[in-house]
Amino acid sequence: MRADVPDPIVMGIVNVTPDSFSDGGEWLDPAAAVAHGLALVAQGAQILDIGGESTRPGADPVSAAEELRRVAPVLEGLASAGARLSIDTSKAAVAAAALDAGATLVNDVTALRGDPAMAALVEQRGCEICLMHMLGEPRTMQRDPRYGDVVDDVKAFLSGRLEFAVGAGIAERRVWLDPGIGFGKTIDHNLELLARLDEIVALGRPVVVGTSRKSFLGTITGREAGQRVAGTIATNVLALARGARIFRVHDVAQARDALLVAAATLRGRWAPPTTTSKTTA
Ligand code: HH2
């Protein structure tokens, strides 16, 4: 029995993009994206992660103006939904507008390496920041990625980026870390990171895991992106057992149920969840 298992936090994905790998184009219309976000909140998402640029392997970058055009009406429409809003961007201009609209978390897949203005923005606004590991950049990251020891390398990277953030004046308690499943990683890199996730958790910050519908699940199961919910949940539950705290998923209802039951099972007892949409990780 493990009394120390924290309540899992489900982050629902709202991709306002034409080209995301599993749901590209589905929520490009702002009204559809807002309705989708509200549905995810009703299913139990405590955070919504709004993205206007795909980071799938091979994706082309988009301008800040285009990214903003996509996400601004969606952020405004969701601001009163009761969930925390996260902006999935590496551009400070997009993040600033999202924070103005009510977002409280910046999910930066470049871990403050993409835009030199991002660290100062996060420091000034006092928002939360998710720092993710990525080897290379989306256009080319899946071309033969190599590591010494993938877990040691990712851990050293995240530790260095945490140090950078704190050096820029960002409060350590506001920083979340993410090993970046699928970002410059082979299937075995992804699996080893998940199997040894406790080593990343040992850095002492809340760990985000983003395995939802990703291609390594398709490699193992032979299923298309929309049919990978069971595979996603297997990784989420095992990551919870290794100390992950936040789960970035497309299929919120199923992930929420699985994580609540898994947390209760790990603890060997059940109590009503204490986490609300406003709870800090
Ligand atoms: N994965 C994706 C995008 N953003 N952010 C974090 N912190 N962790 C992740 O694993 C992560 C992320 C890619 O997934 P998705 O948003 O579904 O697809 P796309 O980038 O094609 O829009």
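Trainee: Why are helix H3 and helix H4 called roughly parallel to each other?
Mentor: Helix H3 (residues 92-101) and helix H4 (residues 118-125) pack at about 15°, their axes being 9 Å apart. Angles under 35 degrees count as roughly parallel, over 145 as roughly antiparallel, 65 to 115 as roughly perpendicular and the rest as oblique. The pair H3 and H4 is therefore roughly parallel. The model is a predicted one, in which local features need pLDDT of at least 70 and side-chain atom pairs count only at pLDDT 80 or more, whereas totals for chains, interfaces and linings use all residues. Residues are numbered from 1 along each chain as its sequence is written, and side-chain values use heavy atoms, with hydrogens and water left out.

Trainee: What is meant here by a helix and by an axis?
Mentor: Helices are DSSP runs of H or I with at least four residues, strands are runs of E with at least two, and both are numbered from the N terminus. An axis is a line fitted to C-alpha atoms, for helices over the stretch in contact, and angles run from 0 to 180 degrees between N-to-C directions.

Trainee: What is the hand of the crossing of H3 and H4, and which residues make the contact?
Mentor: H3 passes H4 in a right-handed crossing. A crossing is right-handed if the near helix is turned clockwise from the far one by less than a right angle, and left-handed if anticlockwise. Ala-92, Ala-95, Ala-96, Leu-99 and Asp-100 of H3 meet Met-118, Leu-121 and Arg-125 of H4, where contact means heavy atoms within 4.5 Å. By class, the contact of H3 with H4 has 6 nonpolar, no polar and 2 charged residues. Ala, Val, Leu, Ile, Met, Phe, Trp, Tyr, Cys and Pro count as nonpolar, Asp, Glu, Lys and Arg as charged, and the others, Gly among them, as polar.

Trainee: How do you know how helix H2 is oriented to H3?
Mentor: Helix H2 (residues 64-78) and H3 pack at an angle of about 15°, with axes 10 Å apart. H2 and H3 are therefore roughly parallel, and H2 passes H3 in a right-handed crossing. On the H2 side the contact is made by Ala-64, Glu-67, Leu-68, Val-71, Leu-75 and Glu-76, and on the H3 side by Ala-93, Val-94, Ala-97, Ala-98 and Ala-101. The contact of H2 with H3 has 9 nonpolar, no polar and 2 charged residues.

Trainee: What makes H5 and H6 roughly perpendicular to each other?
Mentor: The axes of helix H5 (residues 150-167) and helix H6 (residues 187-195) cross at roughly 70° and come within 9 Å. That angle makes H5 and H6 roughly perpendicular. Val-150, Val-151 and Val-154 of H5 meet His-189, Glu-192 and Leu-193 of H6, a contact with 4 nonpolar, 1 polar and 1 charged residues.

Trainee: Why is Val-150 called buried?
Mentor: Buried means under 20% relative accessible area, exposed over 50% and partly exposed in between, with a 1.4 Å probe and protein chains only. Val-150, in helix H5, has a relative accessible area of 4%, so it is buried.

Trainee: Why is Ala-39 called partly exposed?
Mentor: Ala-39 lies in helix H1 (residues 30-43). Its relative accessibility is 33%, so Ala-39 counts as partly exposed.

Trainee: How do you know whether Glu-128 and Asp-88 are buried or exposed?
Mentor: Glu-128, in strand S5 (residues 128-132), has a relative accessible area of 9% and is therefore buried. Asp-88, in strand S3 (residues 84-88), is likewise buried, with a value of 9%.

Trainee: What makes the pairing of Glu-128 with Arg-84 a polar contact?
Mentor: A polar contact is a pair of N or O atoms within 3.5 Å; within protein, one must be able to donate a hydrogen and the other to accept it, and residues adjacent in sequence count only if both atoms are side-chain atoms. The side chains of Glu-128 and Arg-84 make such a contact at 3.2 Å. The side chain of Asp-88 makes a polar contact with that of Arg-248, at 3.2 Å.
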